Amino acid sequence: MLEFRKDLFADERDDDLNEIGKPTQRQDMLGHVTGRTKYFDDHAFDGLLHLKVLRSPHHHARIRRLDTSAAQSAPGVRRVMTGADVPVNLNTMLSLINFGEDDEPSLATDKVRYKGEPVAAVVAESEAAAYDALSKITVDYDPLPAVFDVEEALAPGAPQVNDVFPGNYFPYYDKYSHQKLRFGDVERAFAQADHVLEERYQMSPIEHAPVEPMGCIAAPETNNRIVVHTATQALFFSLGISAKILNIPSNRFHFIGGTVGGGFGGKVDTLTEPLAILGTLLTGSPVRFAFDRREEMQSGPPRGAERWYIKDGVMNDGRIVARQIRGYFDAGAYTRLTSYAVVKCTGHLPGPYTIPNVSSDVYAVYTNRTPATAMRGFGVTGVDFSLEVQMDKLAHLIGLDPMEFRILNAYRDGDMKAHRREAKNTALIECVQVAAEKAGWAIGDEYRRMSSLQGGGDRAMIPHTVTDENGKIGEPDQRPSSAPVPRPLPATPPQPAPAMAPAAPPPPPATPAPAPTPAPAAPAPARRAGGIRFSSISGTRRR
């Protein structure tokens, strides 16, 4: 178990922070306000060439023929590149930490799997010459059926998006179709609950829309190295991925970054550097590769779409006794970071609340959309929105104040999380109390007196957990099956008066389709999806 070094990190509740309210000057402030900060595009090189990419007009199609001869002989063109020119044309972002399989080409060769996927690249003496040459490239496509909905993608007979992952889902630990979490017995708790509420939530993809599009400039240095000025948010990831794709030792690269004209997570992906470096290696000249605004909006990676089904069982006194969650992350056509988002999300469930019975199933799904990536709160934002809307609905359903309802169910120090980890340094109760005070939101005296430091010790028991035949998790529970499931609360709130009940209870939601249960074939030994990795839950490298 990883613990804070107490000699370096004092008790968080007593931390003597003194920056808020003081005019502390950022290191880069003067350059920004005077316009002297240098971004990647502010570096001038003699003989600079421009790289532009031909992108697929189809969401899903087979490439029958690719003819670049006319483009190669066009005025001002120095080089035309296809997938055959890329030394290692398949990659996945998390391969640097041995998590996942290489599934995304730098330049498509056999198929295109989303609209805007790169097919060929032109390096020319001007942007105009590069665009003119792109218009001379001929590609014969054989359009294929496409799928854009996560549940439709998992249904039997759906078009196969990513050939590396049959079934259109990312396999965890080489065999599971999704990430599972089991804690307690949700079905028994639902049967005992006074109310059961089930809802569906949907988030659409979100484009980051930075002022500065993705881009970089690569240039040869005199010591047989390549310098790369880049807008990446992940400098060492971009360096490592470029070295892997180009099959060149990373010490031949000199990456310079740190200044990003808007990123928000979208510039974590390494989309421009490998091709720009390859163009420099093939021409011997500096090469600039930057997205235009249309490319940024069409092919720049968005926050992926998410879909959540949340079912809660709640008692009249306000205790949430069961929470069942089924979620789908839309990865788009390739994995990138979505597989990690699912792990991170599962490590966050069921939110900051002590619930004695929890079950979740979360899928990373491939569709014929633009591949998704990180965005602020990556892996948590969408499900947190869903959970907090659900909390409001539950509070109104049983006639409790939403603030008091959250305080009642919030983690206390010493509570047992659904991941079998003890809750420490919790502070949701105090945050809600302060927020209510600042907003002028009246809460009862007993809720103002509650504390995250009190009441958690009695809720540290791990309940008997029901598992299923296809997804047993953890070590077998050695306690008798009669181990108690309910847990006491630090204080029992008064029963709500009838007048507090909502005038009209919300109509029951439509029953969602049953969770898909894809059954992947036994993986080949060479597969390494879900191999040794860092776990955001346990903090250790494991299988």
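This is a predicted model: local features need pLDDT of at least 70, side-chain atom pairs count only at pLDDT 80 or more; totals for chains, interfaces and linings use all residues.
Biologist: OK, how many helices and strands does the chain have?

Modeller: There are 13 helices and 19 strands. Both are DSSP runs numbered from the N terminus: helices are H or I with at least four residues, strands are E with at least two. Of the 543 residues, 52% count as buried; that label means under 20% relative accessible area, with exposed over 50% and partly exposed in between (1.4 Å probe, protein chains only).

Biologist: And what share of the contacts join residues at least 24 apart?

Modeller: 80%, taken among contacts between residues at least 6 apart in sequence. Contact here means heavy atoms within 4.5 Å.

Biologist: Which side chains does its own side chain pair with?

Modeller: One is Glu104, in a polar contact of 2.7 Å. Another is Asp269, where the polar contact is also given as 2.7 Å. Skipping residues up to four places away in sequence, the residues Arg336 touches include Thr92, Met93, Leu94, Tyr114 and Pro301.

Biologist: What about Lys267, buried or exposed?

Modeller: Buried, with a relative accessible area of 3%. Lys267 lies in the loop between β13 (253-256) and α7.

Biologist: Which backbone oxygen lies 2.6 Å from a polar atom of the Lys267 side chain?

Modeller: The one of Glu212. Beyond four places in sequence, Lys267 is also in contact with other residues, among them Pro210, Met214, Thr232, Gln233 and Val260.

Biologist: You mentioned α7. How do α6 and α7 cross?

Modeller: Two packed helices are described by the angle between their axes and the distance between the axes. For α6 (residues 235-246) and α7 (residues 273-283), the axes come within 9 Å and cross at roughly 50 degrees. Axes are lines fitted to C-alpha atoms, for helices over the stretch in contact, and angles run from 0 to 180 degrees between N-to-C directions.

Biologist: So what do you call that arrangement?

Modeller: The two helices are therefore oblique. Under 35 degrees would be roughly parallel, over 145 roughly antiparallel, 65 to 115 roughly perpendicular, and the rest is oblique.

Biologist: Which residues make the contact?

Modeller: Ser238, Ser242, Ile245 and Leu246 from α6, against Glu273, Pro274, Ile277 and Leu278 from α7.

Biologist: New topic, α11. How many of its residues are buried?

Modeller: 8 of the 8 in α11 (residues 402-409), so the helix is largely enclosed by the rest of the structure. What covers those residues includes β15 (306-314), β16 (320-332), α10 (381-398), α12 (428-439) and α13 (445-449).

Biologist: What caps its N-terminal end?

Modeller: Asp401, with a side-chain oxygen 2.8 Å from the backbone nitrogen of Met403.

Biologist: How far apart are Ile355 and Phe183?

Modeller: 172 residues in sequence and 9.1 Å in space, C-alpha to C-alpha.

Biologist: What is phi for Tyr173 and for Asp174?

Modeller: Tyr173 has a positive phi of about 55 degrees, though it is not a glycine. For Asp174, phi is near 70 degrees, again positive in a residue other than glycine. Tyr173 is in the loop between α4 (150-154) and β9 (179-183), and Asp174 lies in the loop between α4 and β9 as well. Tyr173 counts as partly exposed at 24% relative accessibility, whereas Asp174 is buried at 19%.

Key. Residues are numbered from 1 along each chain as its sequence is written. Side-chain values use heavy atoms; hydrogens and water are left out. A polar contact is a pair of N or O atoms within 3.5 Å; within protein, one must be able to donate a hydrogen and the other to accept it, and residues adjacent in sequence count only if both atoms are side-chain atoms.
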